[in-house]
Every structure is written in C-alpha cells, then in structure tokens.
Amino acid sequence: MTSNSNQGSPGKIALISLGCSKALVDSERILTQLRSEGYALDAPVADANLVLINTCGFIKEAIEESLDSIEDALSENGKVIVTGCLGTDSKRLLDKFPEIMAITGPHDVNAVMSAVHAALPPAHDPHFDLLPPQGIKLTPSHYAYLKISEGCNHRCSFCIIPSIRGDLISRPITQVLSEAENLVKAGVKELLVISQDTSAYGVDIKYRPDIWKSKAVKSNMVDLVKHLGEMGIWVRLHYVYPYPHVDKIIPLMAEGKVLPYLDIPFQHANPRILKLMKRPANSENVLQRIKQWREICPELKIRSTFIAGFPGETDQEFEDLLAFLEEAQLDRVGCFTYSDVAGAKANELPNPVPMEVRLERQQILMETQAEISALKLDNMIDTKQTVLVDEVQGDQAIGRSYGESPEVDGVIVVENATGVNVGDFIEVEIESNDEHDMYAKLISCP
Ligand code: SF4
C-alpha cells in the first residue's frame, strides 16, 4: 500500500486537468469526490501518492500536450491514472505507456474513483465511516449478489421492466471488479452475477476498454467472467440469454474458473409463442447448443423458467414446450402461469387462455419436470460434492453444491454435521434424494 504521511487521510493525489470546460467540470467532480473521501489534493506531482491526468483529445496539439503530461508524470512520480478523452483509446495509450495504472474514458467519475480506490484505498475511520467497503448486504455473509447492469434493451411483450428501469446501463468493468474484490475481502465465498440480461453486459457502453490491475480489459461478459473467475471464489451466472458469445463461457466452466451453472430464462420453446413474446434469443438452435455445451462441460447444470398459458398458446404449442423439456433435460425449472401486467403489450394479444387451463398447464409442466429433475438427482447418488453451508440446525447442515443457487433451487441436507459452520465448504457424499433436494453424509469439513 502506498505510504501515507497525512494523518487520517488515505493519501495525496495530484490532479492535472487538461482540455475544455467539459473536461474541467469532470475534474471538479473528481476533486469533489476525492476531497469528500479525505484524500489530500495539494501535493505537487513528485510528492503525491498518485497522479490523475484528465486528458484532452480534441486536436493534435491537445493530444501531444496530454501525452507529454503523462510522460512527465510517469518519470516524476510513476503512479499514474489517466482519464478523459484520450482514455477512449486505451490500447494506444497502453502501447505507448505500459506503466499506466488505469485508464478510463471521459465523464466517468465512478470509474475514476474505482481506479483510485484500487490504487490507493480510502481510509476507514470507525468514527466517521459507518459503511464497510463491501457496502451493506442483506444476504448471509458468505454469498452476495453482484449486479452488473440495470435496465434492459429488449421489449418482451409480457414485461414492463424496460418502461420502469429504462434501457440497459452497464456498470464499467473496473467498478464491478472492485466491488467483487471488496466482497471477497469481506469473506464472501460465492458471487451471484445478476442483471436483467447478463449476456448483453457492456453493449450500451460499446464494451468500453479499461485497465484493471495493469491489464487491458473490456466491459463485456467474457472478460468479466474471466476476471471474476480468478478471484478464487464460486461465481454463478444468472439471467444469461444464449447469445453466441455464451459459448466462450463454457470452456471457463470446464476449467473450473466459474461454476458450471447457467440460469437461462427460456420462457417458451415454440417459435410462434417466442415471437409473440418478443424474446431476445430465438430457440431454433438452443437444443443443439445445449448439447454442445454439455459435450465441452459434462457437469453443466442448467436452470430455466417458463410461462404456461401465454395468450393464444394452443394445446399443440404447449405440447411443443413439453417436448422441449423432455429433450433439453434441464436440471432445474420454474414455471409461472401467464398473468396480465398493467402496461404490458401482451395484454392486448387475442385469444387469452382461460385461467383454469393456464393452471392446468403449469401443473402438467411442473410434473413433467419433476420426473426429469428426480432422475437427474438420482444420478447424483454416490457422487462426492463440495457443499457451501447456508444453515446449521443442531447437527444438521443445509447447503448447496455448484448445482444449486440460493433461494431458487433445492438444497443438500447433511446429517451428523457436528463442527460444521455456516459459510464452510464441506465435502459430502450424496446418499438419496427427492424431487428437489438431496441428502448426504459428511466426508470432511475444514
Ligand atoms: S423479460 Fe425481456 S424485457 Fe423484461 S427484463 Fe427480461 S429480457 Fe428485458
């Protein structure tokens, strides 16, 4: 950690502000945030713990001035973070100055602050700072949700989320990775990546290039998963749509970098209903893709959700959905009956399915899946699994293996688990199961 001579201050930062008035306002916002976090801002470049350069890329002279400033700061100080217009071409900058610690684009105070925190962590004064670095969490301390974006660019006809939360806004990758790192430091052992559409991560910010720990990274799903996978914890992916680049995630699962678990909300399988639903990914190749994924990563578990009784769904179209389930052999499935949501386009579709038929179809679907799930769990008997313990009651421990996500999937119950604590990873052998849960004996605990 950088030395700090200022009592109570996390360190001294020198900011060099170049360029137009918009850049100046960005610098002011950065300085305001730094001051509010207690950083000292009056040090000369040579004396600072960190130098921030807000660059300009408007004309040739401005670019040269920015490049000269970076070069000078690197030779005078060595610890340099670059932001502003030149930051949009981070590759060019890094090619010229590989020692730069982090690069962010313009108008992104959050990304600058994430980079500053990574290089020069803020001080935590117990009298004034009541927030732990990982923030306040409502989940148990051993797992946490990691939200990578807000909103959604799709317009599924049954959903009003885009009208409530707006279009997709992805968080810059450095911000997400910093938060993940803080959670890991705070003792989190499992991160559950969530969003409305995890596969679309970064599309709104054009997969912006950034620097994380002196390495070039892009705000896209593959880079995010790769870096999370290096943090030595369980990483579980939710709300993944089967876009082509998801294929690149499967080898990471096979290598053990991220949990071989995908939550893909298919919602239906019949092409006409999917079109009426305006779903983002078409299902034509889904079965083939699942087959290929399982060839690469045989342990892969897939969870999904479906809607029964969507307006206009015929008996045959519902049969198509059941046939898909039989063929896909998904591991975990949830099913909702279709219901009108105020403001959703699907409400206007003709031929609504009577409520009793929706309920009947939901029941048939769940019974069909229950048989599939039970058989899949039968195949787990006698296997050894690593389990993360969520709950201990007397000498009974309740936890999950890589195949079960908290709250939505089944659990593994372990009897005679004396000495086991919540948040422990334990080794078990599966002995029996019912439709959703498994029962195991303890082999070893920490
Ligand atoms: S259901 Fe469709 S529109 Fe709604 S959040 Fe999911 S992908 Fe976006």
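User: What share of the residues in the chain is buried?
Analyst: Because this is a predicted model, local features need pLDDT of at least 70 and side-chain atom pairs count only at pLDDT 80 or more, whereas totals for chains, interfaces and linings use all residues. Residues are numbered from 1 along each chain as its sequence is written. A residue is buried if 20 or more other C-beta atoms, placed from the backbone, lie within 10 Å of its own, exposed if 12 or fewer, and partly exposed in between. Of the 446 residues in the chain, the buried share is 42%.

User: In what order do the 5 strands of the barrel close?
Analyst: Strands (E, at least two residues) and helices (H or I, at least four) are DSSP runs numbered from the N terminus, and two strands pair if DSSP finds at least two bridges between them. Strand E15 (residues 384–393) pairs with strand E18 (residues 425–433) in the antiparallel sense over 5 bridges, with Thr 386 partnered by Glu 427 in E18. The pairing in the barrel is mixed, and the order is E15-E16-E17-E19-E18.

User: Which residue of E11 stands opposite Glu 190?
Analyst: Strand E8 (residues 190–194) has 4 of its 5 residues buried, so it is largely enclosed by the rest of the structure. Strand E5 (residues 143–147) runs parallel to E8 and is joined to it by 5 bridges, Tyr 143 having Glu 190 as its bridge partner. E8 also pairs with strand E11 (residues 234–237) in the parallel sense over 4 bridges, and there the residue opposite Glu 190 is Trp 234.

User: Which exposed residues does H11 carry on the face turned away from its buried side?
Analyst: The 14 residues of helix H11 (residues 315–328) should span 20 Å at 1.5 Å a residue, and its end C-alpha atoms are 20 Å apart, which agrees; the expected span is 1.5 Å times one less than the number of residues. Phe 318, Leu 321 and Leu 325 are buried in H11. They cover an arc of only 50° around the axis, which puts them on the same side of H11, the arc being that of the directions from the helix axis to the C-beta atoms. The face turned away from that buried side carries Gln 316, Glu 319 and Glu 326.

User: How many residues of the shell around the ligand are nonpolar?
Analyst: The residues around the ligand, near if the C-beta atom placed from the backbone lies within 6 Å, include Cys 152, Arg 155, Ile 161, Gln 196 and Asp 197. Ala, Val, Leu, Ile, Met, Phe, Trp, Tyr, Cys and Pro count as nonpolar, Asp, Glu, Lys and Arg as charged, and the others, Gly among them, as polar. The shell has 2 polar and 2 charged residues, and its nonpolar residues number 6.
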